[in-house]
Amino acid sequence: MELFTPSVFAVAIPAVIFAGISKGGFGSGVAFASASILAIVLDPGVALGLMLPLLMLIDVASLPAYWRKWDWAAARVLLIGSIPGTILGALFYAWTDPDAIRLLIGLVALLFVAWQMAQATGLVRLGETKFGPGVGLVSGVVLGFTSFVSHAGGPAASVYLLGQKLGKTAFQSTTVLIFWAVNLSKSGIYAGMGIFTWETLKLDLVLIPFALLGTWLGVKAHHMVPERLFFGIAYVALTLTGAKLVFDALT
């Protein structure tokens, strides 16, 4: 598949900037939209392989701004659970086909938006009761699985972290730490399974400045842009993207 085309760049550049803004300033919850958007114009495996090095770069670029502001106890529980979840994700990826991956990414996007709407309307309430480590381990398993197959581990992490009643900065710092570690562990498996290619890595080099720009914008926006505005735009994009991926997978 040819990656160095105007259509790929037209989608990849805004997707990468968006991922940087999301991970750098608003937690990792909607950063997976970048892979979902790319999966519209690329094979899902290519989209995942392309985005992982950039997400890892964004993680590293974000760490200094939130260094040691995280909740290590909450992070540790999620990271332990993410290990078997990542293994399950790798097995699923190895046993399935591109349309199944495309369908899963699309469904995750749509379910994520539905989940957020349920919280916004009060149908689901989080943060009123502090979750125990059992919930954290289960959330970690889901985090590892969805992160591996769609870079969408953020929602599972948010479910547990919101139940820990963390402040805005502690929440953001903890997600940065978690996904730095999870993405690092995924990278070795991605390499072994051939999800990375020389073509995706060469395109990653071209997209690095846009990832860093997005991260810088995200750190700045963390204190300046209303979360409601940012996530409202993200949910619209995820709904449209998820619906398109499901349609493509089933037709």
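Helix α8 is followed by Gly-194, whose phi is positive, near 75 degrees; helices here are DSSP runs of H or I with at least four residues, numbered from the N terminus. The model is predicted, and local features need pLDDT of at least 70, side-chain atom pairs count only at pLDDT 80 or more, while totals for chains, interfaces and linings use all residues. Residues are numbered from 1 along each chain as its sequence is written, and side-chain values use heavy atoms, with hydrogens and water left out.

Helix α8 itself has 25 residues and reaches 37 Å from its first C-alpha to its last, close to the 36 Å expected at 1.5 Å a residue, where the expected span is 1.5 Å times one less than the number of residues. Within α8, which covers residues 168-192, lies Ser-173, and Ser-173 is buried at a relative accessible area of 0%, buried meaning under 20%, exposed over 50% and partly exposed in between, with a 1.4 Å probe and protein chains only. Leaving aside residues up to four places away in sequence, Ser-173 touches Tyr-66, Lys-69 and Trp-70, a contact being heavy atoms within 4.5 Å.

Arg-68 belongs to the loop between α3 (44-62) and α4. Its phi is near 60 degrees, a positive value in a residue other than glycine, and Arg-68 counts as exposed at 68% relative accessibility.

Turning to helix α9 (residues 198-221), its 24 residues should span 34 Å at 1.5 Å a residue, and its end C-alpha atoms are 34 Å apart, which agrees. The buried residues of α9 include Leu-207, Asp-204 and Gly-214.

Side chains of opposite charge can pair when their charged atoms come close. The structure holds two salt bridges, each defined by a side-chain nitrogen of Lys or Arg within 4 Å of a carboxyl oxygen of Asp or Glu. In α9, Lys-202 and Glu-199 lie three residues apart, about one turn of the helix, and their closest N and O atoms are 2.9 Å apart; Lys-202 is partly exposed at 40%, as is Glu-199 at 29%. In helix α5 (residues 98-120), Arg-102 and Asp-99 are likewise three residues apart, with closest N and O atoms at 2.7 Å. Here Arg-102 is buried, at 13% relative accessible area, whereas Asp-99 is partly exposed, at 33%.

Notes
Helices (H or I, at least four residues) and strands (E, at least two) are DSSP runs, numbered from the N terminus.
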